[in-house]
Each structure stands twice: as structure tokens, then as C-alpha cells.
Amino acid sequence: MTRRYSALSLFKEGLAGQTGWKQAWRSPEPKPAYDAIVIGGGGHGLATAYYLAKNHGITRVAVLEKGWIGGGNTGRNTTVVRSNYYYPESVALYGLAHRLYEGLSKDLNYNVMLSQRGMVNLCHSTAEMEIGARTVNAMQINGIDAELFSPEDVRRVAPIYNFSPDARFPVFGGIWQGRAGTARHDAVAWGYARAASRLGVDIIQNCEITDFIIEGGRCRGVQTSRGAIRADRIGMAVAGHSSVLAAKAGFRLPINSYALQACVSEPVKPILDTVVLSPGCGVYVSQSDKGEIVIGGGLDRIPSYAQRGNLPTLETVIAGLLEMFPIFGQLKLMRQWAGIVDVVPDSSPIIGPSPLPNLFLNCGWGTGGFKAIPAGGTLLANLLATGKHNDISRPFDLDRFASGRLIDEAAGSGIAH
Amino acid sequence: MQLFPCPFCGPRDETEFHYGGDAGNVRPDGADVPIDRWAGYLYLRGNPKGTAREIWVHMNCGEFFVMERDTITHKVLSSAALGGEHTA
């Protein structure tokens with residue numbers, strides 16, 4: 001029976017005809033009660049359950065997922081991991097996530113295929129270079145690696161960019177983060193699921209929340225498509241569907257749900273070994289380990305719960321891609337899809353207690369939740385275990401919308417959303 | 001390309017329109033509006049899954065109007081000029 005993944009176990013299983021692998025996580029029937037319930041089996045929910053068990057010793061935990069784990073935005077993003085944000089609060093948050101990502105494969109004993117291939121945010125004018133220098137300075141002061149790239153530097157890391165004299169968006173330089181890169185998105189969900197399951201967490205799929213059990217003004221559990229499940233500590237990490245659950249719990253959130261689409265080309269030989277973002281073209285691009293060119297852009301401009309993108313946005317993104325990389329003109333698109341993202345006015349997440357006691361929020365990541373999974377899980381687990389914020393999660397409380405202490409990271413998303 | 005019905009210009013490309021928030025989100029009036037009421041007006045949204053009543057602007061003619069729309073299927077159910085008899 002092979003439980004731990006290693007080169008040695010792979011070798012042994014090869015000799016044994018691959019017959020000893022166990023399923024990566026258990027699929028138990030839901031129990032009637034738990035110490036904590038996490039709603040949402042995406043990266044953030046699974047990470048929350050894992051850190052509840054690992055950091056806080058709380059193992060009577062259920063993750064309730066209405067579909068299959070990692071089937072929402074965790075499986076629909078462009079897999080970029082970075083922490084090139086401006087404000088100290090954001091740096092503390094995304095910096096924590098980035099550091100945890102760097103040790104995640106070891107921590108989970110699951111290869112999340114983190115590839116720190118670097119990312120460059122291009123600057124297309126003198127004015128953008130001034131803003132770029134300001135961003136780089138802010139990142140360095142906040143202890144995050146950053147470098148201001150010259151046009152020659154950009155040419156070195158992305159030689160296939162459109163450097164022609166008549167380019168619509170010429171390169172004046174860029175913001176470089178060498179530790180940025182990509183990770184295998186499914187592996188992040190599966191790795192957290194496996195590690196959490198091994199610590200005793202029940203992962204329950206095809207289990208949709210139909211209502212909250214509210215007694216004495218406090219949340220005491222959930223009604224689900226698989227019966228009532230009780231707990232006195234409930235966290236939700238459901239991204240674009242946060243408002244739907246909030247309505248069941250009796251409150252509203254500062255969230256609009258939009259479709260964010262992405263697409264990949266047919267696989268081609270290695271041609272782009274970094275992540276390139278052009279604010280002018282409104283596109284970011286990388287090449288997956290399988291060789292596909294992975295393409296992302298801005299939001300569809302129509303509030304939506306349909307997990308598919310609309311054509312005008314796709315056209316804009318592809319036009320931007322070809323402006324950046326004319327060489328991709330003959331690529332064939334293989335797949336196109338969309339996820340429903342929870343967009344907040346200040347483009348920063350909401351982490352903290354909800355207006356309904358015992359129910360805690362992890363939402364509002366908008367277009368950038370994947371890179372934050374380890375931090376979102378750590379912070380929601382801390383809230384569920386202690387009932388209190390720590391210094392990193394405190395600024396992201398829902399109360400900032402009444403107090404006016406917004407963390408306006410509109411620029412941090414890279415693309416104007 | 002989806003067509004949205006502008007009450008003034010008729011069916012037009014979706015790219016000509018801009019979303020303007022929940023219909024019926026009325027600005028609080030008076031000097032002693034509590035903070036929560038202001039925060040609610042400025043930030044909190046219904047964000048319904050299913051039928052939604054929304055303010056839209058047709059950027060070409062500049063008119064604001066109310067559109068009722070399904071946020072799952074994107075089917076448009078109705079569209080009416082602001083201040084008309086069909087709008088709150």
C-alpha cells in the first residue's frame with residue numbers, strides 16, 4: 001500500500017505494476033455534526049480545512065462542495081502565482097501566500113509544479129515607466145522582490161514580443177518579479193484535499209447548501225442536498241457564489257459576479273518561458289508545461305453567473321495577444337472557458353466574520369484568487385479556530401466598507417477590470 | 001454578440017452598453033443618515049443569480065434605462081426608460 005509519494009514509491013510501484021496506489025482522498029458519508037464546516041471545495045476551502053487540521057489541531061472538519069472539488073475557479077484560472085502588489089496590507093497577504101506556495105509541494109507531499117519562471121508587467125510609455133518605478137520601489141520597501149526592467153531586459157526574457165518600430169504598444173520597460181510564475185491548478189486542489197483527508201477531514205462532494213440552520217441568531221449548521229449538517233463554526237469560500245449564500249444567511253455583500261474567461265492554444269514547442277502581461281493590450285500570457293499558450297484578459301462587462309465567456313471580450317483578448325506576439329497569428333485555439341469571479345469595489349478580498357455570528361467569510365478575491373489560496377486558507381482557518389483576526393486578515397474585514405478604509409488595489413490586478 | 005434592447009434605439013450590440021448597478025438603489029437623503037445606510041447604498045449589492053433588475057446606459061445615445069435580465073441565461077426579460085411607468 002503506497003501512501004507517501006516519492007521517487008522511491010514511484011519506482012516500487014513501477015515494479016509492482018502500479019497496483020498499490022490508494023485513492024488520494026476519502027469520500028465518506030457526511031456525519032450529522034462537525035467542529036467546523038467549510039463551504040466550498042475549491043482551493044481556498046480545501047486549504048482552510050487543511051490548515052484547520054495542521055495549524056490548529058481541529059480535525060473534525062467537513063468540506064462541503066456542491067459539484068466536484070477544484071471544479072470552479074480553481075480549475076478555470078490561468079495558474080499565475082505572484083505577489084506584485086502595492087499596499088503594505090496586500091503585500092503581507094499575497095506575500096504570505098507566495099511564501100507558502102514555495103514550500104507547498106513539500107508540505108503537502110504533492111507536486112503542485114510551482115515553476116518560478118518570473119513575470120514581467122510591461123510599461124508602454126514614459127508615464128507608465130514612472131508608475132512602474134513607483135510600484136517597484138513600493139514592493140522593495142515592503143520586502144517583496146521586484147526589479148525595474150529596461151527595454152533590453154524585456155527583450156532578453158520575451159524576445160518574441162512585438163518590438164517593431166510601428167508597434168501599437170512599444171516597450172519602455174517593465175516591472176519584473178523573478179519569484180512569480182505558475183503552478184498546476186488542479187494539483188493545488190488535489191494536494192490540499194489529499195493532505196487534509198489524511199489528517200481526518202471529510203471531503204464531501206455533490207453536497208449543495210440549500211439553507212443555513214440559524215438558532216438564537218447564530219449559525220448552527222447547514223441544510224444540504226445530503227441532509228442537515230451541524231457545526232458552530234462555519235466558513236464559506238465560494239467565490240462568485242458568495243452573494244447567493246449571503247442571501248440565504250440574510251445579508252448582502254459588496255460583490256458583483258462577473259465571468260472572467262481564459263483560453264489555451266494547441267500545444268506547441270517551448271517558445272515563452274516567462275509570464276508576460278501587457279496593460280495596453282489587456283492580456284497576459286504564459287506557456288504551460290504541456291506547451292499550450294495560456295491566455296487571459298479582462299472581465300466580461302456584464303454581471304453573470306454563466307460559466308462561459310462572451311464573444312466581444314474574447315475578440316478583444318485575442319486582438320491584444322496578436323498585437324503583443326504577432327508570431328502567434330497561426331496558433332489554433334483549443335479551448336475557451338470562464339469562471340464566475342466575485343468582484344469587490346476595491347479589488348481586495350473580504351476575510352472575516354460575517355453579519356451572521358458563527359459564519360465567516362473568505363471571498364472577494366475577484367480575478368486573482370488562485371495565487372492567494374495558501375493565505376486564504378491559513379487566515380480563514382485562523383478565524384474559524386480562534387474567532388479572531390490576526391494582523392494580516394484584520395485590514396480585509398467587511399467593516400472596511402462602512403469605515404472607508406478601503407485597500408484600493410485596482411492597479412494590483414494588472415488588468416483594468 | 002448579444003443584442004440588448006435600448007428603449008430609445010432598439011436592439012444594439014452588447015458592447016455599446018455599460019452596466020450601472022442595481023435598479024431601485026436609491027441615494028439616502030438628509031443630514032443624519034447612519035453609516036450603515038450609506039455603506040449599503042454605496043457598496044452592498046443584491047447580485048442575484050437568476051432574474052435581476054439593473055440600471056444600464058446605452059453609451060451611444062447616453063440614455064439610462066432599467067433592464068430586467070436573467071444572470072444565468074443572459075436572456076433579456078424587459079427594458080424600459082427610467083421614469084417610465086414600468087420603473088420604480
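## Exercise 1: Two domains of chain A

Task. State how far apart the C-alpha centres of domain 1 and domain 2 of chain A lie, and describe the side of domain 1 that touches domain 2.

Solution. The C-alpha centres of domain 1 of chain A and domain 2 of chain A lie 28 Å apart. The model is predicted: local features need pLDDT of at least 70, side-chain atom pairs count only at pLDDT 80 or more, and totals for chains, interfaces and linings use all residues. Residues are numbered from 1 along each chain as its sequence is written, while chains are lettered from A and ligands numbered from 1 in the order in which they are written.

Step 1. The domain assignment of chain A gives domain 1 as 25-108 + 185-253 + 346-413 and domain 2 as 119-179 + 256-343; such bounds come from an automatic or database domain assignment.

Step 2. In chain A, 25 residues of domain 1 are in contact with 28 residues of domain 2, where contact requires C-beta atoms, placed from the backbone, to lie within 7 Å.

Step 3. On the side of domain 1 of chain A that touches domain 2 of chain A, helix H3 (88-102) and helix H8 (242-249) of chain A each supply at least two residues. Helices (H or I, at least four residues) and strands (E, at least two) are DSSP runs, numbered from the N terminus. H3(A) gives the most to this side of domain 1 of chain A, with four residues.

Step 4. By class, this side of domain 1 of chain A has seven nonpolar, 16 polar and two charged residues. Ala, Val, Leu, Ile, Met, Phe, Trp, Tyr, Cys and Pro count as nonpolar, Asp, Glu, Lys and Arg as charged, and the others, Gly among them, as polar.

## Exercise 2: A pair of helices

Task. Determine how H3(A) and helix H10 (residues 373-386) of chain A cross.

Solution. Step 1. The axes of H3(A) and H10(A) come within 7 Å and cross at roughly 110 degrees. Axes are lines fitted to C-alpha atoms, for helices over the stretch in contact, and angles run from 0 to 180 degrees between N-to-C directions.

Step 1. H3(A) is therefore roughly perpendicular to H10(A). Angles under 35 degrees count as roughly parallel, over 145 as roughly antiparallel, 65 to 115 as roughly perpendicular and the rest as oblique.

Step 2. H3(A) contributes A:Leu93, A:Tyr94, A:Leu96, A:Ala97, A:Leu100 and A:Tyr101 to the contact, and H10(A) contributes A:Ile373, A:Pro374, A:Ala375 and A:Thr378. By class, the contact of H3(A) with H10(A) has nine nonpolar, one polar and no charged residues.

## Exercise 3: Buried or exposed?

Task. Is A:Cys281 buried or exposed, and is A:Arg3 buried or exposed?

Solution. Step 1. A residue is buried if 20 or more other C-beta atoms lie within 10 Å of its own, exposed if 12 or fewer, and partly exposed in between; C-beta atoms are placed from the backbone.

Step 1. A:Cys281 is buried because 25 other C-beta atoms lie within 10 Å. A:Cys281 lies in the loop between strand S14 (275-278) and strand S15 (283-287) of chain A. Not counting residues up to four places away in sequence, A:Cys281 touches A:Phe169, A:Gly320, A:Glu323 and A:Met324.

Step 2. A:Arg3 counts as exposed because it has 11 C-beta neighbours inside 10 Å. A:Arg3 is found in the segment before helix H1 (7-15) of chain A.

Note on methods:
Two residues are in contact if their C-beta atoms, placed from the backbone, lie within 7 Å.
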